[in-house]
Amino acid sequence: MILILTPNIEPENDSYKQLMAHLARLQDIQLRVHREHGTEQTLTEIYLIGNTSSISADDMKGLPGVERVVRVSEEYRVLGRHRDDDRPSHFDYQGLRFGQGTLHVSAGLCAVDTMEHVEIMMRALRDNGQVCTRMGAYKPRTSPYSFQGHGKNCLPYVFDLAGKYGIKVIAMEVTHESHIDEIREALRRTGNPTGVMLQIGTRNTQNFELLKIVGRQQEFPVLLKRGFGITLSESLHAAEYLASEGNRKVVFGLRGVKTNMGDPHRNFLDFAHVPVVKRLTRMPVCIDPSHAVGSRSCGPERIPDLMHATAQGVIAGANMVLVDFHPVPDRALVDGPQALLLEELPHFLEDVRIAREAFEKRVALAERYASRDKTEAQTPVAIAVQNRER
Ligand code: PEP
Ligand code: MN
């Protein structure tokens, strides 16, 4: 059960003290307080953990300082969707809204290799109206002998160039607590010219210590990738683990799952799970077509598989697209074969726009059908019959 308190209530307020004194007397119930500092107000939620079935929601609602009561299902207490739960499904960062209703493209280098390539990439993004990117500085690799990323050495020029080209948010994978400190320090030294979304890669989805660390800070939002060899629910529990530490700014990333059944793609595409994640939780959903498909192969219509995959995710309502591009893929140090060329960026973005428009039309269509009086509802079957009869 979650008690949502009146906005801006402070622990020093009498009503807050009375409420906490009352809650402390509940038998076998643990309390966890979450405070969310927004730009306009501070929201406080109190989680009652334990067997709350005998606690009356009406009684709780009558307590001082309580505005609303949400009875949560067991799963995904923090991030899940619950009955009568109108908590938002978005967060704001660097002036951008990341939510279940928005869409951002984060195109960029899988791994930072040279300053020149970073600049060419950022300039192309700016020229195409983009404000988000991906830039890998810390790269966990399949082989320990492969290039592991430039680490903190590349951060100053990556951040400076982001500022120069108006890039507001960089998705950047971290694998260790020290990386967050290095990012924070480099941002400070460069005068905070941009923002960073900390990425937890598929190899670390269940690295619970890392999840706790990124969950305890609220400065940076987090993109948590689905684990490639675990169930969707296990990955969603990992997101819940992270958020239960305090950070609600979590985007959930689908990137395909590992199985030879997906061959010849690098991973088996799971973008049909976009609406599932949006139904079960309030997280915005990201798709990563690059790591799912793994190549620049093209279909007979001259549409790369990677763009087909992107369109599938976007038409299903994805909120973020993380995609590899590179000015000279042959010279990329990581994942060159799957990087799209910069010349393909306008084509890619136009294709995303078409898929998004189709998604929005589908939403409007579904709303039209849902709002009709059930008795008069014209189902697709009924329309098909009428059309035949005409
Ligand atoms: C990446 O996005 O660079 C990456 C390594 O992705 P994943 O963790 O999904 O393999
Ligand atoms: Mn990669």
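Q: Which residue stands opposite Leu-198 in β10?
A: This is a predicted model, in which local features need pLDDT of at least 70, side-chain atom pairs count only at pLDDT 80 or more, and totals for chains, interfaces and linings use all residues. Residues are numbered from 1 along each chain as its sequence is written, chains are lettered from A and ligands numbered from 1 in the order in which they are written, and side-chain values use heavy atoms, with hydrogens and water left out. Strands (E, at least two residues) and helices (H or I, at least four) are DSSP runs numbered from the N terminus, and two strands pair if DSSP finds at least two bridges between them. Five bridges join the parallel strands β9 (residues 169–173) and β10, and the residue opposite Leu-198 is Met-172.

Q: How many residues of strand β10 are buried?
A: Buried means under 20% relative accessible area, exposed over 50%, and partly exposed in between, with a 1.4 Å probe and protein chains only. One side of β10 carries Gly-195, Met-197 and Gln-199, and the other Val-196, Leu-198 and Ile-200. Both faces are covered, and the buried residues of β10 (residues 195–200) number six of six.

Q: Which residue of β14 is the bridge partner of Ala-107?
A: Five of the five residues of strand β7 (residues 104–108) are buried, so β7 is largely enclosed by the rest of the structure. Five bridges join β7 to β14 (residues 320–326), and the two run parallel. The partner of Ala-107 in β14 is Val-323.

Q: Is His-291 buried or exposed?
A: His-291 belongs to helix α9 (residues 289–293), whereas Asp-335 lies in the loop between β14 and β15, 44 residues apart. Asp-335 has 18% relative accessibility and therefore counts as buried. His-291 has 9%, so His-291 is likewise classed as buried.

Q: What percentage of the area of ligand 1 does the protein bury?
A: An oxygen atom of ligand 1 is 2.7 Å from a side-chain N or O atom of Arg-134, and one is 2.8 Å from such an atom of Lys-139. Taken alone, ligand 1 exposes 290 Å² (Shrake-Rupley method, 1.4 Å probe). The share of this area buried by the protein is 97%.

Conventions. A polar contact is a pair of N or O atoms within 3.5 Å; within protein, one must be able to donate a hydrogen and the other to accept it, and residues adjacent in sequence count only if both atoms are side-chain atoms.
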